[in-house]
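Subject: Structure to look at

Hi,

Here is the structure I promised to pass on. Please open it first, then read my notes below.

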Amino acid sequence: GLGTVRWFLLCDGRAGIRFSRAGTPLGPDGRLYADMDAALGAAEEHGIQVIFVLLDFLWLAQGARVNGVQVRGRGATIAGAYKQRALRRRVLRPLLRRYGRSPAILAWDIINEPEWATRGLGGSRGVAVPFLTMRRFIRRAVRLVHRHTGHLATVGLANAAGLPLVRFTGLDFYQVHWYDRW
């Protein structure tokens, strides 16, 4: 009875993407497309639609090294104009072009719970970007989705208080997560 899955893709920056030493996105890594081909093949075989979550708020969290691999600490790719443009042009655009007509994809979720990485909405100064910077990134990524795919664009919010961040950015639908403790 499962019809749709939400699948985290680039998450916290540890896999799926190549970076320069300075942290500039260079393009997809050697496994991303093979992994996505396999995932979409399985989804089509079982009649499941996928909402791929491109990034997670942990992308912007304090960086660390785990088993020699950098995790998190990719905030400059959202905060800085040059690195953000490189992320969009070298990683997101080729990805969206390649899979833009896949019938197994329902939507692209730009960033999971961006409030936790946005100043004034839950993010702390050291690991968060300004509200308008995050909003511009979301709006530009949504335009890429609409330009290069036939799919929907969304953002998974941590709660309804984050709606001002994504309103009027061109999203096709809103997601607001529910946590029982709230």
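The notes start with the whole chain and then turn to single residues.

Keep in mind that this is a predicted model.

The fold first. The chain holds five helices and nine strands. Along the sequence they run β-β-β-α-β-β-β-α-α-β-α-β-α-β. The radius of gyration is 16 Å, close to the 16 Å from the globule rule for 182 residues, so the chain is as compact as a globular protein of that length. The C-alpha trace spans about 45 × 40 × 30 Å along its principal axes.

Next, packing and surface. Of the 182 residues, 48% are buried. Take the contacts between residues at least 6 apart in sequence: 67% of them join residues at least 24 apart.

Now charge. There are 27 positive and 12 negative side chains. The centres of these two sets lie 14 Å apart.

Two residues have a positive phi without being glycine. Arg-72 has a phi of about 60°. Arg-72 sits in the loop between strand S6 (69-71) and helix H2 (76-79). Its relative accessible area is 24%, so Arg-72 is partly exposed. For Glu-113, phi is near 45°. Glu-113 lies in the loop between strand S7 (105-112) and helix H4 (131-148). Glu-113 is buried, because its relative accessibility of 6% is under the 20% cut-off.

Last, Asn-112. This residue belongs to strand S7. Asn-112 is buried, at 6% relative accessible area. Leaving out residues up to four places away in sequence, its contacts include Arg-6, Phe-8, Asp-56 and His-177.

Best wishes

Conventions: Residues numbered from 1 in each chain as written. Predicted model: local features only at pLDDT ≥ 70, side-chain atom pairs only at ≥ 80, totals over all residues. Heavy atoms only, no water. Helix = DSSP H or I, 4+ residues; strand = E, 2+ residues; numbered from the N terminus. Buried < 20%, exposed > 50% of the residue type's maximum accessible area, 1.4 Å probe, protein only. Contact = heavy atoms within 4.5 Å. Rg over C-alpha atoms; globule rule 2.2 N^0.38 Å. Lys, Arg positive; Asp, Glu negative; His and termini not counted. Charge placed at Lys NZ, Arg CZ, Asp CG, Glu CD.
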